[in-house]
Amino acid sequence: MKRSLMLCVVLSAFASSGAFAQADLAKAKNCMACHTVATKLVGPAYKDVAQKYAGQKGAEDKLVQKVLKGGAGTWGPIPMPANPQVSEAEARSLVKWVLATK
């Protein structure tokens with residue numbers, strides 16, 4: 001019993017650590033200056049982005065490009081600037097995390 005409980009705790013930590021790592025990356029790359037997970041700040045909440053793009057073919061690639069190059073008009077008049085601090089691999093990782101936000 002103790003072993004199975006310990007295994008559940010360890011597996012839980014590994015499963016959730018990816019989300020924490022992505023949140024830390026988003027903070028480190030200044031994404032959280034304009035976005036939050038749950039509520040609109042300057043830009044849309046990540047949960048709203050996930051909802052808008054849920055099930056859309058090519059959404060991940062489209063959003064990676066928005067992170068890298070910026071964009072305008074999708075969420076209102078305030079443009080999202082390009083983020084030169086983010087590599088393409090980091091952008092893809094962040095976008096996967098955002099799209100998985102519920």
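## Basis of the description

This is a predicted model, in which local features need pLDDT of at least 70 and side-chain atom pairs count only at pLDDT 80 or more, while totals for chains, interfaces and linings use all residues. Residues are numbered from 1 along each chain as its sequence is written, and side-chain values use heavy atoms, with hydrogens and water left out.

## Overall composition

The protein chain has four helices and zero strands, in the order α-α-α-α from the N terminus; helices (H or I, at least four residues) and strands (E, at least two) are DSSP runs, numbered from the N terminus. Of its 102 residues, 27% count as buried, where buried means under 20% relative accessible area, exposed over 50%, and partly exposed in between (1.4 Å probe, protein chains only).

The chain exposes about 6800 Å², of which carbon and sulfur atoms supply 65%; accessible areas come from the Shrake-Rupley method with a 1.4 Å probe, and for residues only the protein chains shown count as cover. Among contacts (heavy atoms within 4.5 Å) with a separation of 6 or more, residues 24 or more positions apart account for 49%.

## Packing of α2 and α4

Helix α4 (residues 88-99) packs against α2 at an angle of about 85 degrees, with the axes 8 Å apart; axes are lines fitted to C-alpha atoms, for helices over the stretch in contact, and angles run from 0 to 180 degrees between N-to-C directions. The two helices α2 and α4 are therefore roughly perpendicular, since angles of 65 to 115 degrees are classed this way, whereas those under 35 count as roughly parallel, those over 145 as roughly antiparallel and the rest as oblique. On the α2 side the contact is made by Y46, V49, A50 and Y53, and on the α4 side by W97, V98 and L99.

## The loop between α1 and α2

K29 lies in the loop between α1 and α2 and counts as buried at 16% relative accessibility. Apart from neighbours within four places in sequence, K29 is in contact with N83, Q85, V86 and E90.

V37, also found in the loop between α1 and α2, is partly exposed, with a relative accessible area of 33%. Its contacts, with neighbours within four places in sequence left aside, include Y46 and W97, and the C-alpha atoms of V37 and V98, 61 residues apart along the chain, are separated by 8.1 Å.
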